[in-house]
Amino acid sequence: MTTPSSRPRSSKSPEKGRTPKPALPKRPERAPFAPVGRIPITEVSPVLEDGRWPVKGTVMEAFPVRATCFREGHDAWSVEAVLTDPEGREHERVRMVDIWPGLDRYEGWLTPDREGQWSFHVESWSDPYSTWKHDAGLKIEADVDSRLMIDEGVNVLTRAMKKMPRGSEQRATLREAVTKMKKKRTPPAELFAVGTSPAVQAALAMFPLRDMVTYSASYLVNVDRERALVGSWYELFPRSTGCFQREDGSWVSGTLETARAELDRVAEMGFDVIYLTPIHPIGSTNRKGKNNTLVAEPGDPGSPYGIGAADGGHEAIHADLGTFEDFDRFVERAEELGMEVALDIALQCSPDHPWVAEHPDWFTTRADGSIAYAENPPKKYQDIYPLNFDNDPEGIYLAIRDMLELWVNHGVTIFRIDNPHTKPLPFWHRLLAHFRTHHPHVIFLAEAFTRPPMMQTLGAIGFHQSYTYFAWRNEKGEIEDYLRELAFESDHRIRPAFWPTTHDILTPFMTRGGVPAFALRAVLAATGSPTWGIYSGYELSENIPRPGAEEQIDNEKYEYKSRDFSLGAPMAQLLTKLNEIRGRHLALRRLRNITIHPTTSDKILCFSKRSRASEGAEDTVIVVINLDPFATHDALIDLDLAALGATFRGGAPVIEVTDELNDEVYQWNERPFVRLDPHGALAHIMSVRVL
């Protein structure tokens, strides 16, 4: 007799009266048993998802490799980080140093020199020479087994010598040391000095004697071109460049040709990326009016994010702006001026987009048969339909891939992706992998103001850059914490871009602070992040908000905006100076190199950046900023001299600093005094020379 729980069941249908259980994803196989190494290596970083995803690297940017390494007993060990190039050749090997004594946490910096998929691993080994040097030093000083320790040193050096290349200078150095150490009549202390001479130690640093070698797993690094890390962006709406209002109140749109005429002005300020908001046809159904009103008046151009009309969608150019020939001329002129073109891509459609009629299954149909428009309750976006990536994921993927390929073929090298956090991550993972394989020079920026896990994961799966929370970090402590986080905690996942304002963002700080707020935030953005950007009109310190929203009144998203940039000359001069300083200082174009220096004022922020010789040049810059746009503040700075490459001299000057903003020169000790006025000298950007 069988019980109900053991009765055989049909594989075709559930038992009568029972609800079938949903199919569950297949559980992955258990990882194979991996024995611990002889000299254990644990907690290797940077690593993403146990090494399943590559971490971020940039050409000529050093990155830190860290690992915990230890062993039993008291014998010495050593640790190295090894970098392997895309062809599988060893490129660099550096000795790691213990950065947290007592916790056995080791660090070494590696520097890839070209694009491609690199890898790194960690090697540890028993270090007989260091063990002998430590033990012999103690015993000979105490006159315990002195001669025996010299004999053991001879054995260690002899073994090391035999492993060195024949005819090498290092082998000759050890041979000479061994010969001298065999002289029995020489006092042991003198022989120990021979065995530990700088020449011997240098030879063994180059060709160490390694016993019991242990290897970590190998981890991938996607190394991108420098623009993925470094850039000065300038955003503009092409329709506003050269627009004008007729006597009857109607507007004439700017064009790609008038936008091309603006490129010289932008290039003169030192910007190297020109970023265009969407340039596609705009729908008329539910078109938004001025200041986001629900009803558009005749002549209102609509939001460029309401993409698609009868004359095309994402693959088309708005007729008011021009043709693809005009776009090609725009790109050509940008390239002549040393700028790359970034195009805004918003994966959404107006009700008039061709995809709505051709592929209604790409959207979500509601119970009443209507297509669901975008919502972020209680906000509603009646002029756009979001794509539903679950209905026809393959068809949507191919359409978007081919659309992006079209723009790449017309010279776009950077895509600013609008709201990527509202699309499935598997879609992005696949799309970004395709472009990394077929167009590795193309860069994707994630405009994702969202929760940290989503922002971090978008970067981890392939977005090259990310917008950040910079605009909302105003107080000294939170700015310091955020700079550390971006440089040392999330650097292998995301590369930050600092924007003080955008066409969507005007924070209360910028509204209240006026021109000084725009100036100090520009300094902080340009020096705090390798990539920074401004929205056209920043030169004019446009800071009047739309009631109830953190964005500008008379927002350019919904209307034409004619500007007289001659009125913004002082701010333009500051922006130009900032880009010039960034161009002179490699330290400001690197991410993983920041040191926060304490100050005695909660309104005075100080940090330094220092590049490495392996990155191309040793360069150090100190930045000091008054964070208060209303009042003058002074402070004493407690400089971390080691981070600047300087040493304490009892209060005497240790560094000479030149303010790159005004060319004034100072000599500073370890605790300099500063006074900064938001209406005058509101910041120092100091190049450093050690005295």
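**Figure 1. The whole chain.** Buried residues make up 54% of the 691 residues in the protein chain. The model is a predicted one. Its secondary structure comes to 15 helices and 32 strands. Along the principal axes, the C-alpha trace spans about 110 × 95 × 45 Å. The protein chain exposes about 31,500 Å². Carbon and sulfur atoms supply 52% of that area. Of the contacts with a separation of 6 or more, 75% join residues 24 or more positions apart.

**Figure 2. The four-stranded open sheet.** The strand order is β1-β3-β7-β6, and the pairing is antiparallel. Two strands sit at the edges: β1 (41-45) and β6 (97-100). Each of these pairs on one side only. Neighbouring strands of this sheet are turned against each other by 35 degrees on average, direction ignored.

**Figure 3. Close-up of β1 and β3.** Strand β3 covers residues 63-69 and pairs with β1 in the antiparallel sense. Three bridges make up the pairing. In this view, R66 of β3 stands opposite S45.

**Figure 4. Helix α3 and its neighbours.** Helix α3 runs over residues 169-181, 13 residues in total. From first C-alpha to last it reaches 19 Å, close to the 18 Å expected at 1.5 Å a residue. Its buried residues are Q170, R171, T173, L174, A177, V178 and M181. Seen down the axis of α3, these fall within an arc of 160 degrees, so they line one face of the helix.

**Figure 5. The six-stranded open sheet.** Here the order is β25-β26-β27-β32-β29-β30, with antiparallel pairing. The edge strands are β25 (594-596) and β30 (665-668). Both pair on one side only. From one strand to the next, the twist averages 25 degrees.

Figure 6. Strand β27 (residues 619-626) pairs with strand β32 (residues 683-690) in the antiparallel sense. Five bridges link the two strands.

Notes. Residues numbered from 1 in each chain as written. Predicted model: local features only at pLDDT ≥ 70, side-chain atom pairs only at ≥ 80, totals over all residues. Heavy atoms only, no water. Pairing = 2+ DSSP bridges. Axes fitted to C-alpha atoms, helices over the stretch in contact; angles between N-to-C directions. Expected span 1.5 Å × (residues − 1). Buried < 20%, exposed > 50% of the residue type's maximum accessible area, 1.4 Å probe, protein only. Arc of directions from axis to C-beta. Contact = heavy atoms within 4.5 Å. Areas by Shrake-Rupley, 256 points an atom, 1.4 Å probe, with all protein chains shown as cover.
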